[in-house]
Amino acid sequence: MGADAALLLLADSRLPAGGHAHSGGVEEAVRLGAVTGTGDLARFLRGRLATAGLVTAALAAAACELAAADDPADDPADGVELWRRLDAEADARTASPAQREAARTQGRLLLRTSRRMWPSAALDTLARAVPEGPHHPVALGAAGASAGCTPRQAALAAAYTSVTGPATAAVRLLGLDPVTVHRLLADLAPALDDAAHAACASLGDAARQGRWHALPGHSAPALDLLAEGHLTNPMKLFVS
Amino acid sequence: MTAVTARALIRTEAADGGRTRLETLRSDPPLTLRQTGPRRVHLVSTGAGPLRGDRLDLEVDVAPGTSLEVRSVGATLVLPGLADTPSVMVVRARVGAGATLHFSPEPTVLAAGCAHRLVVRLSLAEDATVFWREEIVFGRHGERPGRGHARFDATVAGRPLLRQDLLVGEEAVDGSPAVYGDARCVGSTLLAGPAWAPPAVPDVKRERRAVLGDGWAALPLAGPGVQVCALGADAVQLRERLRRGEEAAGASPASGPDGSHGTPGAETGGLDP
Amino acid sequence: MGAHHDDLHDAAEPDGRALRLGIGGPVGSGKTALVAALCRSLGPSMRLGVVTNDIYTTEDADFLRRAGVIDPERILAVQTGCCPHTAIRDDIAANLDAVETLEERFGPLDLVIVESGGDNLTATFSRGLADRQIFVLDVSGGDKVPRKGGPGVTSADLLVVNKTDLAPMVGADLTVMSRDAAAVRDGKPVLFTSIREDRGAHAVAEWVTDMVDAWRHEHGEPHHHPVHGAAQQAQAS
């Protein structure tokens with residue numbers, strides 16, 4: 001049994017964890033004219049979900065599983081080592097330094113918020129393991145476990161936030177009809193479920209072995225270029 | 001037409017005076033290997049393909065202290081075959097301590113109707129150096145691409161450096177401004193080794209900065225490496241962009257054990273914060 | 001390990017840290033000029049840090065750096081994704097992170113100023129982010145603004161009415177503004193200033209000094225907090 005209500009809190013855009021200031025590449029795509037309206041926004045979101053969304057879902061599921069397995073009786077040094085290894089797997093799947101920095105910033109803020117909302121030994125261990133801030137999906141999965149969510153729920157929350165943040169940013173930047181954009185998100189609902197399912201299927205018995213090498217690493221070269229280009233924009237409104 | 005299975009092997013060994021000797025060069029058609037220099041091997045395609053159902057394995061073993069360059073004579077054209085299963089190409093490369101591998105075959109072209117899986121497992125010793133370029137072209141001129149899934153795993157002393165999947169020909173990613181935009185090909189070059197290691201005492205909240213060009217970026221990784229990624233309208237533009245990125249990342253233009261290798265990373269100044 | 005080392009994650013734990021001062025107000029009222037003035041006046045006697053919340057990223061931060069009133073490293077800019085009030089009121093995580101980063105890098109500090117992005121009259125700081133807040137108006141918005149109130153005007157610990165030198169030109173009656181502000185502010189102080197003429201905003205600086213002294217008296221001398229950095233990393237390994 002997962003904590004359904006906790007999942008809603010975790011995925012809510014009002015969760016005070018700094019997510020509102022990230023556009024996931026949309027601001028730069030808008031600046032370059034790659035996203036101009038709902039048509040290309042729909043393709044942007046679908047592509048983002050199939051790549052970065054799937055990867056974050058898998059990492060969140062893995063983190064959730066790892067946090068749930070956190071046993072206070074275990075040697076804390078082992079826990080620290082496992083979290084560092086999972087975070088390193090996130091690093092290896094994020095070639096763009098701008099994206100790593102954005103992921104760590106969001107992860108640090110989410111960890112800060114979730115440690116007050118759902119205090120747990122696993123979150124403390126994670127904070128100790130990666131003091132500069134874990135990748136966002138790693139923090140999300142750990143927060144999910146502390147809130148009682150299952151890996152599948154954590155994966156779903158990760159997939160969901162991988163598209164809702166950019167969608168909201170597009171509404172603000174392009175003045176799009178918010179209902180039209182939410183229709184796009186509604187159309188993505190089956191793909192969100194699929195991503196969460198695929199994320200969990202990729203886990204296997206990863207947590208028990210602490211081996212996450214086989215998790216998906218779907219890359220999106222355009223997102224990498226957008227993330228780096230965003231940093232060069234002196235008039236940017238969003239962090240990423 | 002029947003599916004083929006092939007296993008080819010390249011292995012170096014250290015000879016007297018710190019020289020590299022090709023210890024094994026085992027071709028297995030259609031994977032045919034030719035030695036074209038003291039430390040250079042060309043992959044020569046014999047026969048069409050790969051086709052659906054084919055399973056090709058190439059193993060590259062660069063012994064400690066040696067260096068090797070692997071290239072190919074022409075592009076690889078992946079075609080649809082009769083079998084239901086995709087064609088699979090697996091490259092496993094081990095690069096030993098102090099060894100250098102330069103791997104830069106010509107592009108892989110995913111012809112309409114193909115289904116191809118490319119798997120690369122690259123395992124580096126702590127102080128090994130690698131230049132690894134991959135280029136994928138979405139279909140021949142004017143045709144829709146077949147389906148492709150490339151998976152790339154690079155580890156350094158067992159630690160993950162880069163793990164990536166690239167999907168081509170899937171509805172969700174084709175034409176997405178988040179993935180390839182309107183590009184017709186995608187490529188990347190991994191430059192890995194001590195020369196591209198992050199500073200010993202990194203600013204925990206500040207990453208090394210990328211170098212960004214038109215359609216390409218040189219991305220410093222969290223570990224000892226830089227990935228150049230590029231998108232292009234055609235293979236010529238893609239190569240040009242990759243070369244610019246490689247140069248920005250500090251790979252000398254003729255880098256490779258037979259070329260004037262220079263000092264890798266000597267020009268990485270642009271990548272510092 | 002318990003949660004004993006992470007007390008700073010709870011903003012309600014004020015002991016031994018700097019006073020966090022929020023400065024808010026509408027666009028163009030002179031928030032950044034006031035921050036610069038305070039740096040000028042207080043810099044010699046206090047250890048300062050500044051966090052800016054620009055609409056356009058680093059514009060205010062760059063202004064402050066160019067003004068040369070504070071070590072540029074002690075200014076951090078927070079991006080707010082088109083929603084400046086969200087970043088100081090509803091979701092303060094990024095601002096708290098910036099404040100703690102300054103305290104970690106340069107601490108102990110006496111005062112951290114958080115300047116909001118220009119917003120409207122309803123924007124106020126969360127008590128989780130700012131211990132005290134100043135709301136800055138200017139006379140050119142018209143002398144009716146204080147009467148109209150709004151949370152910024154009514155609840156700020158100090159209301160600053162800036163650009164008094166312009167009052168005759170825009171036909172603003174300072175007496176009316178003063179009377180109206182007093183009526184809606186329940187006795188909380190109001191200061192009139194022209195930062196163009198008083199580049200140290202000395203009256204405001206004096207008020208801030210009092211606040212910092214009172215804070216230190218109540219919560220003790222600020223000491224260094226390693227929150228997430230080398231110190232804690234060393235602890236972990």
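Student: How far apart are the end C-alpha atoms of helix 4 of chain C?

Tutor: They're 20 Å apart. Keep in mind that this is a predicted model. Helix 4 covers residues 93-106, and at 1.5 Å a residue its 14 residues should span 20 Å, so the two values agree.

Student: Okay, is helix 4 of chain C mostly covered or mostly uncovered?

Tutor: Mostly covered, with ten of its 14 residues buried. Among them are C:Leu96, C:Val99 and C:Leu102, but also C:Asp97, C:Glu100 and C:Glu103.

Student: What covers those buried residues?

Tutor: Part of the cover comes from chain A, through its helix 5 (97-117). From chain C, the cover includes helix 3 (84-90) and strands 1, 2, 3 and 4.

Student: Switching to the strands: in what order do they sit in the chain C sheet?

Tutor: The order is 3-2-4-1-5-6-7, seven strands in an open sheet with parallel pairing. Strand 3 (75-79) and strand 7 (190-192) are the edges, each pairing on one side only. From one strand to the next, the twist averages 20 degrees.

Student: And how many bridges join strand 1 to strand 5 in chain C?

Tutor: Four, linking residues 19-24 with residues 132-138. In that pair, C:Ile23 sits opposite C:Ile134.

Student: Which strands does helix 9 of chain C touch?

Tutor: Helix 9 (residues 202-219) packs on the sheet and touches strands 1, 4, 5, 6 and 7 of chain C. Its direction makes about 150 degrees with that of strand 1.

Note on methods. Residues are numbered from 1 along each chain as its sequence is written. Chains are lettered from A and ligands numbered from 1 in the order in which they are written. This is a predicted model: local features need pLDDT of at least 70, side-chain atom pairs count only at pLDDT 80 or more; totals for chains, interfaces and linings use all residues. Two strands pair if DSSP finds at least two bridges between them. Helices (H or I, at least four residues) and strands (E, at least two) are DSSP runs, numbered from the N terminus. Axes are lines fitted to C-alpha atoms, for helices over the stretch in contact, and angles run from 0 to 180 degrees between N-to-C directions. Two residues are in contact if their C-beta atoms, placed from the backbone, lie within 7 Å. The expected span of a helix is 1.5 Å times one less than its number of residues. A residue is buried if 20 or more other C-beta atoms lie within 10 Å of its own, exposed if 12 or fewer, and partly exposed in between; C-beta atoms are placed from the backbone.
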